[in-house]
Amino acid sequence: MDKISIAIDGPAAAGKSTIAKMVANNLNYTYIDTGAMYRCVAYYAFIHQVDFHDEEGVCNLLKDIKINMLPGGIIMLNNQDVSMAIRENEVSMGASIVSGYSRVRSFLVSQQRDMAKGGGVILDGRDIGTVVLPDAELKIYQVASIECRAIRRHKENLERGIDSDLEEIKKEIAERDHADMTREISPLKKADDAIEIDTSDMSLDEVVATVMDLVSQKL
Ligand code: C5P
């Protein structure tokens with residue numbers, strides 16, 4: 001097989017995007033950060049002062065939202081670079097709320113499938129292996145303890161110059177996990193044919209090596 005499609009799902013802040021980026025780089029594949037797309041919808045609602053809980057109001061904004069992903073992880077929303085702005089805590093919580101709306105999901109899922117056409121892609125999110133790309137050749141379910149995820153996200157925020165409080169992050173991650181796992185539409189769950197990797201006690205290099213090994217078994 002030439003180029004495969006890789007799905008990485010898992011709870012918030014499990015390091016999916018870091019791993020996905022590194023693996024994509026090694027394989028010369030395209031990385032698609034689907035969480036960033038839900039974040040863009042939440043961010044757009046936020047700047048237009050539409051309450052995240054106002055489903056109708058949020059869905060009415062979709063027609064005005066154009067998301068582009070540029071190389072280097074740059075996220076463009078209507079031609080504006082929002083890569084940093086969408087990482088704010090308020091937007092994370094908003095993304096978790098708006099991702100429960102079926103119109104938001106179908107709007108983004110169809111774009112994700114379009115971007116993934118032809119393979120040679122690695123997508124990370126919550127529903128990639130179960131809904132977006134159920135036929136992906138390799139599905140990974142990446143988990144880590146909540147303690148470990150909170151510490152990693154805290155460090156990441158500080159590096160990015162974003163205000164950060166460890167206890168707040170832990171609470172926010174637990175809330176988002178609960179919302180993502182219990183929502184009616186496309187809840188976060190491990191696909192039957194996904195391989196689970198618990199990265200709590202693994203270094204980045206170890207996780208990448210594990211994924212690369214799984215990839216090589218599929219090629
Ligand atoms: O992955 P990230 O933390 O950036 O995702 C932000 C939020 O977007 C998640 O908490 C989840 O609610 C939603 N999401 C989703 N489906 C995806 C990716 C993200 O519902 N495929």
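**Close-up views of a predicted model**

**View 1. The three-stranded sheet.** Three strands form an open sheet in the order β3-β4-β5, with antiparallel pairing. Helices (H or I, at least four residues) and strands (E, at least two) are DSSP runs, numbered from the N terminus, and two strands pair if DSSP finds at least two bridges between them. The edges are held by β3 (67-70) and β5, each with a single partner strand, so one side of each is left without a neighbour in the sheet. β3 and β4 run antiparallel and are joined by four bridges. Leu-70 has Ile-74 as its bridge partner in β4.

**About the model.** This is a predicted model, in which local features need pLDDT of at least 70 and side-chain atom pairs count only at pLDDT 80 or more, while totals for chains, interfaces and linings use all residues. Residues are numbered from 1 along each chain as its sequence is written, and side-chain values use heavy atoms, with hydrogens and water left out. The protein chain averages a pLDDT (the predictor's confidence in each residue, from 0 to 100) of 95, and 100% of the residues score at least 70. The scores of the model are ipTM 0.99 and pTM 0.95.

**View 2. The loop between β4 and β5.** Asn-78 is placed in the loop between β4 (74-77) and β5 (80-81), and Asn-79 lies in the loop between β4 and β5 as well. Most residues other than glycine have a negative phi. Asn-78, however, has a phi near 45 degrees, a positive value, and the phi of Asn-79 is near 65 degrees, also positive. Buried means under 20% relative accessible area, exposed over 50%, and partly exposed in between (1.4 Å probe, protein chains only). With a relative accessible area of 30%, Asn-78 is partly exposed, whereas Asn-79 counts as exposed at 69%.

View 3. Helix α2 lies across β3 and β4 and runs at about 40 degrees to β4. Axes are lines fitted to C-alpha atoms, for helices over the stretch in contact, and angles run from 0 to 180 degrees between N-to-C directions. Two packed helices are described by the angle between their axes and the distance between the axes. For α2 (residues 34-47) and α4 (residues 89-98), the axes come within 8 Å and cross at roughly 110 degrees. The two helices α2 and α4 are therefore roughly perpendicular to each other (angles under 35 degrees count as roughly parallel, over 145 as roughly antiparallel, 65 to 115 as roughly perpendicular and the rest as oblique). On the α2 side the contact (heavy atoms within 4.5 Å) is made by Tyr-38, Arg-39, Val-41, Ala-42, Tyr-43 and Phe-46. On the α4 side it is made by Glu-90, Val-91, Ser-92, Gly-94, Ala-95 and Val-98. The residues of this contact divide into eight nonpolar, two polar and two charged. Here Ala, Val, Leu, Ile, Met, Phe, Trp, Tyr, Cys and Pro count as nonpolar, Asp, Glu, Lys and Arg as charged, and the others, Gly among them, as polar.

View 4. β2 and β6 run parallel and are joined by four bridges, with Leu-123 in β6 as the bridge partner of Ile-32. β1 and β6 pair in the parallel sense over five bridges, and Ile-8 stands opposite Asp-124 in β6. Strand β1 (residues 5-9) also pairs with strand β7 (residues 138-143), in the parallel sense over four bridges; Ala-7 has Lys-139 as its bridge partner in β7.

View 5. Five of the five residues of β6 are buried, so β6 is largely enclosed by the rest of the structure. In a regular strand the side chains alternate between the two faces of the sheet. Val-121, Leu-123 and Gly-125 are on one side of β6, Ile-122 and Asp-124 on the other, and all are buried.

**View 6. Asp-177 in helix α8.** Asp-177 has its place in helix α8 (residues 166-182). Asp-177 is buried, at a relative accessible area of 8%. Not counting residues up to four places away in sequence, Asp-177 touches Pro-11, Ala-12 and Arg-149.
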